[in-house]
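Hi there,

Here is the structure I promised to pass on. Have a look at it first, and my notes follow below.

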Amino acid sequence: QVQLVESGGGLVQAGGSLRLSCTISGRISSSPPMGWFRQTPGKEREYVATINWNGGTTYYASSVEGRFTISRDNTKNTVYLQMNNLRPEDTAVYYCNRVLTLGTPGTLPAPSGSWGQGTQVTVSS
């Protein structure tokens, strides 16, 4: 079983920045492709960004492209999401997970496995 622990969320003013972290552990093959997702009450989980095994390929949802950056440090078993120029509509619980496919243009990634607890991001205006 894989364990996913998200951290770094908080309350931030519109226009501010946050960096989220996702630590991966447990019974898992090395450096799987990973993604970030987010969810607000009453809405389905939304795709945010994906990254391949070595960080050389990244993709973003249109709503965050140019503002968010996904990266990873495999020596720390950690995936990051740097969020800049935050907007109130970015308010959500943010989750990471393995993905079976990357979010190439015009497609949605396929998450795999169980979800962690997520980390709350709240953007005030």
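An open sheet is made of 4 strands in the order E1-E3-E8-E7, with antiparallel pairing. Strands (E) here are DSSP runs of at least two residues, numbered from the N terminus, while helices (H or I) need at least four. Two strands count as paired if DSSP finds at least two bridges between them. The edges of the sheet are strand E1 (2-7) and E7, each of which pairs on one side only. From one strand to the next, the twist averages 15 degrees; axes are lines fitted to C-alpha atoms (for helices over the stretch in contact), and angles run from 0 to 180 degrees between N-to-C directions.

Before going further, a word on the ground rules. This is a predicted model, in which local features need pLDDT of at least 70 and side-chain atom pairs count only at pLDDT 80 or more, whereas totals for chains, interfaces and linings use all residues. Residues are numbered from 1 along each chain as its sequence is written, and side-chain values use heavy atoms, with hydrogens and water left out.

Back to the strand pairs. E1 and strand E3 (residues 18-26) run antiparallel and are joined by 6 bridges. Val2 has Gly26 as its bridge partner in E3, and Ser7 has Ser21. E3 is also joined to E8 by 6 bridges, again antiparallel, and there Leu20 is partnered by Leu81 of E8.

Asn77 sits in the loop between strand E7 (68-73) and strand E8 (78-83), and its phi is near 55 degrees, a positive value in a residue other than glycine. Asn85 is in the loop between E8 and strand E9 (92-99), with a positive phi near 50 degrees. Asn77 counts as partly exposed because its relative accessibility is 45%; the classes are buried under 20% relative accessible area, exposed over 50% and partly exposed in between (1.4 Å probe, protein chains only). Asn85 is partly exposed too, with a relative accessible area of 45%.

Where does Asn97 lie? Asn97 belongs to strand E9, and it counts as buried because its relative accessibility is 0%. A polar atom of its side chain lies 3.4 Å from the backbone oxygen of Gly113. Leaving aside residues up to four places away in sequence, Asn97 touches (heavy atoms within 4.5 Å) several residues, among them Leu4, Pro33, Phe37 and Trp115.

Best wishes

Definitions and conventions
A polar contact is a pair of N or O atoms within 3.5 Å; within protein, one must be able to donate a hydrogen and the other to accept it, and residues adjacent in sequence count only if both atoms are side-chain atoms.
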